[in-house]
Amino acid sequence: MCDADTEHKPILDTRLERKRVPGKCIKCKTAKPNVTIRGCLYCKPCFVSASIVKFRGALKKSNGRIDAQRRQQHGVSDPQRLMVALSGGPSSTAMLNLVVDYQQSVTQRSGDFVQPPYADIVVGHIDESALFNVPEGAVRSIADGRTFCEASLEDIFSASTDRDVLLQIVRASMASEKQPQQQNGGGFSAQIIRDSDNHTPPRERLRQLFSALDSDTSRESLLDAIRTFLLVRLARAHHCAVLLLGDSATRIATRVVSLTSCGRGFSLPFEIASESSWFDGVTMIRPMRDFIAKEVAFFNRWAGYASVVVPTFTTSAPVHASIDRLSESFVVGLDRDFSSTVSTVCRTVQKLEPRAEALAACPCIVCGMPAEPDAQDWRSRLTVGQAAAPASSSAGFDISSHLCYSCQNILHFSESGDSGGLVLPGFCVERIRDHTVSRPSASSDAEQHEVLRRQVEQFFLNSDDDDDDN
Amino acid sequence: MHKVSVTLKFVSGAELLIKDEFRAQSSKKSGDLEFKHEVPAGTENAPLRMKELIENVRDNLVKGDKDQFYKDGKLRPGILVIINGSDWEVEDGPEYKVQADDVIEFISTLHGG
């Protein structure tokens, strides 16, 4: 399998060579086919080697673009450390095995020393056992002895890894409030609290956060945001400049529909891009982007790679359980009846370029994706909302401009618990701090900006000034 | 009535759709399900096809909401069928005539199973 590249014979570009033999594999034209992909028949060995070639093609293309960018910026492009994000599901399992196989095939070529494509390949995994039942050790065994770096969802609330500050939502209402008598006007306000005020274990806090959300759509969005934050942090902590994500073509097409429906159109180009450098110091690549879910399933089966079922909030739930579930059902249903739907959608959206405005935008403090500057004003022109109830406390500061449209929705529909509003993890406070320090506000609200900066800073006065997390 | 015995496998999340009582019959220790199942054989004029086998699975094996497995006369999109190691789409799909001792595998490719 390792030498699929070298075995790949040059294709004679003649009509005769390209002609299909009815009822036979499209590649070797002699064997009985075992699978059909987008109307093409493949036998088992040809399918496996075609998959390897396709993966390497996508990965090399992304590597080439990243290297060109690095050469432009730094003058050099040495092999970098690579982190493979492994959930344990079929797509990331196939990806890990394919990239390891690629690295080995390059270094094991006979004779001369060949520089490997990557300095090292490590596995990054986010443990979601705080929310779901996952068989213990199953994912670690997929990593097969490679360096296994792990973070848990509840780490976002543990003081040992984050500063002991939290962000409590005081008011979250989409209704626009422009009444002059309200000093802290705006629909979304929050206050910074210290973790030591309340001794809730991190796991419990995480569960409280998710149970306060109104729908599985919101829960899935927030889970995505936390997972991305942890993966980026894990990659940085292990000095990996490249992070491989296992989104398959089916997953990307599904996300196009679900992210758009959730109001994430502004950040969509970053979230489905073949390569994205939105997060400082970590470039994300999606090398499985040309594989539909069916190809992944057959590849794993025939290459002998076992994966696990990674549960989500809507596992075993009806199709209407969440926007993501319904989008998946729509996309997969279309693809069954019109076999190239997924590839067509993926190829189309990969042409999307982020707008200059999005590249310059501040990251949303919850999801970390670019937040459209005037999401709140834009909404107030479109939405008929109820007037917000007066805030119970006036201690909060306005965070509307730090939230993207979609995260505003999530917060608006969440319930505040008995002990006050929703409590968001410390990284939200870090992000507010980054905004206030690094991005001076427009002159019109410079005063308000300065007040906020001082409020945030006082919580950090006694903290160690270690590296910031995005 | 004459019956045909086939081996059924449910993997990658498809096993979540099957009634718990079949877990005891499974020869696999992991989450995957694999067991023998008997279905009424068809007649000479109307042999047992995959379509009937899938309807039999839906009626007897699938728990809860049957639409999650089979809806509007079709298997739910996202569930793959493998007959004796090959994609069922190269084997006539729902029209495939089921033989004794066939190994039929259901794989879910849906996110989260």
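This briefing covers an annotated glycine, the nonpolar cores, the cysteines and the salt bridges of the structure above. The model is predicted. Its largest nonpolar core has 70 residues, and 27 salt bridges are found over all chains. A search of the whole structure for disulfides returns zero.

**Annotated glycine in chain B**

- An unreviewed UniProt entry lists Gly113(B) under "modified residue: 1-thioglycine".
- Gly113(B) is located in the segment that follows strand 7 (103-108) of chain B.
- With a relative accessible area of 12%, Gly113(B) is buried, because the cut-off for that class is under 20%.
- Leaving aside residues up to four places away in sequence, Gly113(B) touches Val309(A), Ser316(A) and Arg325(A) in chain A, as well as Ser12(B), Gly13(B) and Ser108(B) in chain B.

**Nonpolar cores**

- In soluble globular proteins, nonpolar side chains tend to be buried together.
- Within the largest nonpolar core, of 70 residues, those with the most contacts are Leu167(A), Val366(A), Ile399(A), Leu403(A) and Leu424(A).
- Helix 7 (residues 216-237) of chain A supplies the largest share of this core, 10 residues.
- Val366(A) touches Leu222(A), Ala225(A), Leu403(A), Cys407(A), Leu424(A), Phe427(A), Cys428(A) and Arg431(A), when residues up to four places away in sequence are not counted.
- Another core, of 57 residues, lies apart from the largest one; among its members are Leu82(A), Val342(A), Val349(A) and Ile107(B).

- Cys28(A) is in no disulfide, and the nearest cysteine sulfur, that of Cys25(A), is 3.8 Å away.
- Cys28(A) counts as partly exposed, at 30% relative accessibility.
- Cys262(A) is likewise in no disulfide; the nearest cysteine sulfur belongs to Cys407(A), 10 Å away.
- Cys262(A) counts as buried, at 15% relative accessibility.

- Side chains of opposite charge can pair when their charged atoms come close.
- Asp101(A) and Arg56(A) form a salt bridge through their side chains (2.9 Å, N to O). Asp101(A) belongs to helix 4 (residues 90-107) of chain A and Arg56(A) to helix 3 (residues 44-74) of chain A, so this pair ties together parts that are 45 residues apart in sequence. Both Asp101(A) and Arg56(A) are buried.
- Arg203(A) and Glu154(A) are also joined by a side-chain salt bridge (3.0 Å, N to O). Arg203(A) sits in helix 6 (residues 202-211) of chain A, and Glu154(A) in the loop between strand 5 (148-152) and strand 6 (165-172) of chain A, so the pair ties together parts that are 49 residues apart in sequence.
- Arg203(A) counts as partly exposed at 30% relative accessibility, whereas Glu154(A), at 12%, counts as buried.
- A salt bridge between the side chains of Arg336(A) and Asp337(A) has an N to O distance of 3.5 Å. Arg336(A) is partly exposed, with a relative accessible area of 38%, and Asp337(A) is partly exposed, with a relative accessible area of 44%.
- A network of salt bridges links Glu128(A), Asp224(A), Arg227(A), Arg255(A) and Glu271(A).

Methods:
Residues numbered from 1 in each chain as written. Chains lettered and ligands numbered in written order. Predicted model: local features only at pLDDT ≥ 70, side-chain atom pairs only at ≥ 80, totals over all residues. Heavy atoms only, no water. UniProt positions renumbered as here; feature names shortened; annotations may be inferred. Helix = DSSP H or I, 4+ residues; strand = E, 2+ residues; numbered from the N terminus. Buried < 20%, exposed > 50% of the residue type's maximum accessible area, 1.4 Å probe, protein only. Contact = heavy atoms within 4.5 Å. Core = buried A, V, L, I, M, F, W, Y, C linked by side-chain atoms within 4.5 Å. Disulfide = S-S within 2.5 Å. Salt bridge = Lys/Arg side-chain N within 4 Å of Asp/Glu carboxyl O.
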